[in-house]
Protein chains: 2
Amino acid sequence: MNESTAFAPVCPLPISQYPQIQMAHGGGGKLMHDLIEKMFVPAFHNTLIDVRHDGAVFGIKDARLAFTTDSYVVKPLFFPGGDIGSLAVTGTVNDLAMCGAKPLYLSAGFILEEGIETEKLWRIVQLMRQAADAVGVQLVTGDTKVVDRGKGDEIFINTAGVGVIEHGLTISPNSVRPGDAIILSGDLGRHGIAIMAAREGLEFETVIESDCAPLAAAVGGLISAGIEVRCLRDLTRGGLASALVEIAEASGHEINIEEEKIAVREDVQGACEILGFDPMYLANEGRFIAFVPAGDADRAIEIMSAHAFDTSAARIGVVSEKTSGLVTMKSLIGASRIVDMFSGEQLPRIC
Amino acid sequence: MNESTAFAPVCPLPISQYPQIQMAHGGGGKLMHDLIEKMFVPAFHNTLIDVRHDGAVFGIKDARLAFTTDSYVVKPLFFPGGDIGSLAVTGTVNDLAMCGAKPLYLSAGFILEEGIETEKLWRIVQLMRQAADAVGVQLVTGDTKVVDRGKGDEIFINTAGVGVIEHGLTISPNSVRPGDAIILSGDLGRHGIAIMAAREGLEFETVIESDCAPLAAAVGGLISAGIEVRCLRDLTRGGLASALVEIAEASGHEINIEEEKIAVREDVQGACEILGFDPMYLANEGRFIAFVPAGDADRAIEIMSAHAFDTSAARIGVVSEKTSGLVTMKSLIGASRIVDMFSGEQLPRIC
């Protein structure tokens, strides 16, 4: 297909249906998926963006590189287990890891609202440096903008990252094969609940801390152990459900998972019941899924668990022979249902 | 110096002096310079960020790469001669060009305010694609966040860029040498005045359009002609004056320029007089300065003029033998004065 003919002169997103952008367009669910698939991808269409991965992978001379970006608008700026600064480093580093890349360099773009306390900015900047040191990346270039009071929300941070890929694997939804095991790196939902509780001043019996954590070491462990990693995805906005739906859709394969294999801590489950959330859709900032050949599953679980600190990895499902592109889940009582993306907005501004 | 000992535990910026961030901290003048030099550089200190260039230059395997980022918060979103979308592409591409790199790939991070018209977003996205096509770069990865109504300003865009350096020059303030000629690529101030006029609804006899333009072709022309380019800088926030002061300071050399060599169109000069602006500090989005050996100056002027469309390049000054790190300007009436950064805020949100 020719690049210029593929460039869409008419917006494939039916604008009359959503004449204005809503919060849910950034929520990780169906509306965001539509915005990306029917506006950004058609407008920018090229072979790299069409892969629909957490980042772009390309070669320059003999270097195979990954490149990714995320903006961070999390509210509040500081929450149990994390803050916007460390999230802005860890989140982008994790996207590079999901490309199978070793993270090397980050950029930082600050959009400050007039009036933010300088002391607060300094704390955030220090937390970024600490998070960068912890994963061995360098912040090497940046930009600062200030917008008028009432036109921002204290601070928004964009980071972009560059990493190097030092193996021959193609880690992508396209590499997923029937029979692949799906390994989840740990329990679900702590980040979403931690943000929600901090924002709304909710108190549970125990403080639920975000799961925010760097994932590059775990991915590096899988690759250096010679496991033929097929696809990786971190479970941020939209949670496990959206990640699986996206991969099923992009690969064309059906994915079958089992609810009883998915760990959710009791306190998180309790909070979800009170608040009306489903942990399958809650954002995590230190959890990912790995698609690996069935024969590598046990070793992958071992490696991922060793890097998961206070939780364990588990095999939660399998890639089916079917080519429906759907995700099905066998529930605790044995019934099977189709897992879809969230159609509304579960929780805004969680990252 | 050891990286960890260099990491500043106390903020070198005297926070008590500016307990809150002001608009001028993003204005390209002294306050922004202080914020960068006394907060971001000490916090993130490493050999790459210390170069104080428009982007970072590093090697991965046998590829020499440039990496840069900018956020765009320009207001209004559409103005004579440009718009936020094309600016978000051209501005970052220009920063790569200033590193002497051939721009290849861009990321795009959108921060949308709930309620922005979907049609407007589509227009902006199309303009980004057109600007990318015009310079031969691809938008390959992105991110979208939506913030609550009243917590943003319709749209902010961050772009980061990766380019490849295919020559052996070290283009940096550190490469500047006494005797180097300073070439300015065209007339000053059109972008700043265009934004100001559009924002305030001012009307002049003629519509002043932004000078917004890609600069990579001109830089490529200089390099492929074998000109030993020492340093490049585009004249965005803070204008020509700030760019020269930064380079003089970073290199330690004194810079001497002549006011009569600096082109300012009559309508821009008139607008400046009415509005109380100094064209030396006005932002441009399609102008740059090149430091080249004196013997290459005439050829450099020829090449830069050939790429400048509706204006001409000129030799505006020279790098002195003196090591004061200052910039002096001989005025039209022959007096010499020191050029400093702007201490207040000339014009907010121009890019």
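Predicted model: local features only at pLDDT ≥ 70, side-chain atom pairs only at ≥ 80, totals over all residues.
Helices and strands here are DSSP runs, numbered from the N terminus.

Look for A:Phe309 in the loop that joins helix H9 (297–306) to strand S12 (314–319) of chain A. Its phi is positive, about 60°, although A:Phe309 is not a glycine. Most residues other than glycine have a negative phi, and most peptide bonds are trans. The side chain is worth a glance too: A:Phe309 counts as exposed because its relative accessibility is 70%, over the 50% cut-off.

A:Arg349 also has a positive phi without being glycine, with a value near 50°. You will find A:Arg349 in the segment that follows strand S14 (336–339) of chain A. Here the relative accessibility is 7%, so A:Arg349 counts as buried.

Next, the peptide bonds. In chain A, the bond from A:Lys75 to A:Pro76 is cis, with omega near 5°, and A:Pro76 sits in the loop between S2 and strand S3 (78–79) of that chain. In chain B, the bond from B:Lys75 to B:Pro76 is cis as well, with omega near 0°. B:Pro76 belongs to the loop between strand S2 (63–72) and strand S3 (78–79) of chain B.

Now step back to see how the chains meet. Chain A and chain B bring 90 residues each to the contact. Together they bury about 7800 Å², with carbon and sulfur atoms giving 66% of that area. On the chain A side, A:Ile21, A:Trp122 and A:Arg129 lose the most area to chain B, together 10% of what that side buries.

Several elements of chain A each supply at least two residues to the side touching chain B, among them helix H2 (30–44), helix H4 (118–135) and strand S6 (138–147). S6(A) gives the most, with 10 residues. By class, that side of chain A has 48 nonpolar, 24 polar and 18 charged residues.

Finally, the cysteines: there are 0 disulfides over all chains. For B:Cys212, the nearest cysteine sulfur is that of B:Cys351, 10 Å away. B:Cys212 counts as buried because its relative accessibility is 17%. B:Cys272 is in no disulfide either, and the sulfur of B:Cys351 is the nearest at 17 Å. With 1% relative accessibility, B:Cys272 also counts as buried.

Technical notes. Residues numbered from 1 in each chain as written. Chains lettered and ligands numbered in written order. Heavy atoms only, no water. Contact = heavy atoms within 4.5 Å. Buried area = accessible area lost by both parts, 1.4 Å probe. Helix = DSSP H or I, 4+ residues; strand = E, 2+ residues; numbered from the N terminus. Nonpolar A, V, L, I, M, F, W, Y, C, P; charged D, E, K, R; others polar. Disulfide = S-S within 2.5 Å. Buried < 20%, exposed > 50% of the residue type's maximum accessible area, 1.4 Å probe, protein only.
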